[in-house]
Amino acid sequence: KGSSPNNNKRDNNTEDECPASKKPGSSNEQFLNHQPDGIRMIERELADQDEVWSRRNLVVPGNVQVIGKEAYRDFRGLVSVHFCGVGLQLIMQDAFFSCKMLSDLVLPIGLRSIGARAFRECWNLSELSIPGTVVELGLSAFEGCISLNDVQIHNGLCFIHGRAFYG
C-alpha cells in the first residue's frame, strides 16, 4: 500500500452543494435521499434495509454532520459514496463495514474523525485521499480493503490507531 503526503489526485468536495453531476436526478443513477431536512446525523434506522442490495450510489447532503454507528453496514451493492459540502465531521464505527462493492469514495474536507472499522472490508476500494482536516483514524478503519493500493494522507492526521490499513 502506497501513501504520499500532500499529493491530491482526487479533489475533495469543498462546495456547500454537490457538483451538478452528483445531484439527484442528474443521471440515471439512484441516490439515497431519505434524510429529512435539517437532519444532523444518519442513524441505522434511517438506512432502509430493503435497499441493501439494490442501492448503488449514495449522496450525503451537506447538512449531515455525523454518519452513525453501522448506518450503512452491509450495503453490499453500494458502489459510490459522495459527501456534499463541508458539514460532515464524524464517520462512526462500522458505518460502511462490509460494503464490499464500494469503489468510489470521496471524503470531504471538514471531516475530523473516521471511527473504528468504518470502512472495513470494502473490498473494491482501490484509492483513498484522507483530507488534512482528519485528525484521527480509528482501529481497523480500512482493514480488509484488499484492493486499496493508493492512499494519500495529508497533513493534519495525528492519530492512526492499530490495524488502520491492515490486510
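**Figure 1. Arg76 and its salt bridge with Asp74.** Arg76 is partly exposed, with a relative accessible area of 31% (buried means under 20% relative accessible area, exposed over 50%, and partly exposed in between, using a 1.4 Å probe and protein chains only). Its side chain meets that of Asp74 in a salt bridge, at 3.4 Å from N to O (a salt bridge is a side-chain nitrogen of Lys or Arg within 4 Å of a carboxyl oxygen of Asp or Glu). Asp74 has 24% relative accessibility, so Asp74 counts as partly exposed too. The structure holds eight salt bridges. Please keep in mind that this is a predicted model, in which local features need pLDDT of at least 70 and side-chain atom pairs count only at pLDDT 80 or more, while totals for chains, interfaces and linings use all residues. Residues are numbered from 1 along each chain as its sequence is written, and side-chain values use heavy atoms, with hydrogens and water left out.

**Figure 2. A salt bridge between Arg117 and Asp94.** Here the N to O distance is 2.8 Å. The pair links distant parts of the chain, 23 residues apart: Arg117 is in the loop between strand 8 and strand 9, and Asp94 is in the loop between strand 6 and strand 7 (helices, H or I with at least four residues, and strands, E with at least two, are DSSP runs numbered from the N terminus). Is each partner buried or exposed, or in between? Arg117, at 25% relative accessibility, counts as partly exposed, whereas Asp94 is buried with a relative accessible area of 4%.

**Figure 3. The surroundings of Arg73.** Arg73 is found in the loop between strand 4 (66-67) and strand 5 (80-83), and with 22% relative accessibility it counts as partly exposed. Leaving aside residues up to four places away in sequence, Arg73 touches Arg44, Asp94, Ala95 and Phe97 (contact means heavy atoms within 4.5 Å). From Arg73 to Cys99 the C-alpha to C-alpha distance is 6.6 Å, although 26 residues separate them in sequence.

**Figure 4. Stacked rings around Phe119.** The centres of the Phe96 and Phe119 rings are 5.1 Å apart and their planes are at 5°, so this pair is stacked (rings of Phe, Tyr and Trp, the last by its six-membered ring, pair if their centres lie within 6.5 Å; planes under 30 degrees apart count as stacked, over 60 as edge-to-face and the rest as tilted). Phe96 and Phe119 are both buried. Phe119 also stacks with Phe142, with centres 5.2 Å apart and planes at 5°. This second pair spans 23 residues, from the loop between strand 8 and strand 9 to the loop between strand 10 (136-137) and strand 11 (150-153). Tyr72, Phe75, Phe96, Phe119, Phe142 and Phe165 form one aromatic cluster.

**Figure 5. Arg163, its ring and its salt bridge.** The charged end of Arg163 sits over the ring of Tyr166, 4.0 Å from its centre (this needs NZ of Lys or CZ of Arg within 6 Å of the ring centre and within 35 degrees of the ring normal). Arg163 also forms a salt bridge with Glu143, the closest N and O atoms being 2.9 Å apart. Glu143 is buried, at 7% relative accessible area, while Arg163 is partly exposed at 44%. Salt bridges that share partners join Lys100, Arg120, Glu121, Glu143 and Arg163 into one network.
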